[in-house]
Amino acid sequence: MDRRILDELVRDGRMSVRTLAERVHVSRTNAYARVERLLRDGVVTGFRAQVAPEPAGLGTSAYIALTIEQNTWREVSAELAQVRYVEHVALLGGEHDVLALVRAPDNATLRDVVLERVQAIAGVLSTRTWLVFREFDGAESPWQ
């Protein structure tokens with residue numbers, strides 16, 4: 001039942017509890033209690049609008065892989081979180097230590113983010129940038 005509720009909320013996080021209850025075939029009270037529990041347990045972390053980057057003026061996207069000094073991930077993470085246009089950061093195991101998704105208005109801004117902001121962070125040893133040409137969600141994602 002929780003999986004069905006999550007599927008519906010991912011499709012439309014603005015739907016009323018009444019509509020949600022109707023779609024998953026439970027009472028409004030049951031649907032409300034389950035959504036509250038999913039929020040309380042941290043399964044659902046919030047509701048927000050999904051913004052398409054290009055129409056919103058962020059036409060250049062890139063993944064930036066960082067290699068960092070050992071034991072600086074806390075400081076590097078804190079600094080990356082403050083860099084404008086960094087949308088997402090993941091700490092990795094493997095060839096690179098950090099992967100950041102950057103969405104910028106244009107290539108010049110992307111260049112400044114990488115060369116002036118990210119590479120200036122103490123603990124960053126090197127970066128590698130991959131431009132994103134097109135994005136899409138997987139058809140078999142559990143939340144699509």
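Which handedness does the crossing of α1 and α2 have? The crossing of these two helices is right-handed. Keep in mind that what you are looking at is a predicted model.

**The α1/α2 pair**

Let's stay with that pair for a moment. Helix α1 covers residues 2-11 and helix α2 covers residues 17-24, and their axes come within 10 Å, crossing at roughly 130 degrees. Who does the touching? On the α1 side, the contact is made by Arg4, Ile5, Glu8 and Leu9, while α2 brings in Leu20, Arg23 and Val24. Sorted by class, the contact has 4 nonpolar and 3 charged residues, with no polar ones.

**The whole chain**

Now zoom out. The protein chain has 5 helices and 4 strands. If you walk along the sequence, they come in the order α-α-α-β-α-β-β-α-β.

As for overall dimensions, the C-alpha atoms fill a box of roughly 55 × 35 × 25 Å along the principal axes. The radius of gyration is 19 Å, whereas a compact globule of 144 residues would have one near 15 Å. Buried residues make up 28% of the 144 residues. Take the contacts in the chain with a separation of 6 or more: 63% of them link residues 24 or more positions apart.

| Residue | Relative accessibility |
|---|---|
| Histidine 96 | 16% |
| Leucine 101 | 7% |

Buried means under 20%, so histidine 96, at 16%, counts as buried. Leucine 101 counts as buried too, because its value is 7%.

Where does histidine 96 sit? You'll find histidine 96 in the loop between β2 (86-91) and β3 (98-104). Leaving aside neighbours within four places in sequence, histidine 96 is in contact with Ala65, Leu66, Thr67, Arg128 and Trp130.

Leucine 101, on the other hand, lies in strand β3. Again setting aside neighbours within four places in sequence, leucine 101 is in contact with Ala62, Tyr63, Tyr85, Val86, Glu87 and His88. Val86 and His88 in that list belong to the stretch 86-91, which is β2. There's also a distance you can check: leucine 101 and valine 132 are 31 residues apart in sequence, and their C-alpha atoms are 9.6 Å apart in space.

Note on methods: Residues numbered from 1 in each chain as written. Predicted model: local features only at pLDDT ≥ 70, side-chain atom pairs only at ≥ 80, totals over all residues. Heavy atoms only, no water. Buried < 20%, exposed > 50% of the residue type's maximum accessible area, 1.4 Å probe, protein only. Contact = heavy atoms within 4.5 Å. Axes fitted to C-alpha atoms, helices over the stretch in contact; angles between N-to-C directions. Left-handed = near helix turned anticlockwise from the far one by under 90°. Nonpolar A, V, L, I, M, F, W, Y, C, P; charged D, E, K, R; others polar. Rg over C-alpha atoms; globule rule 2.2 N^0.38 Å.
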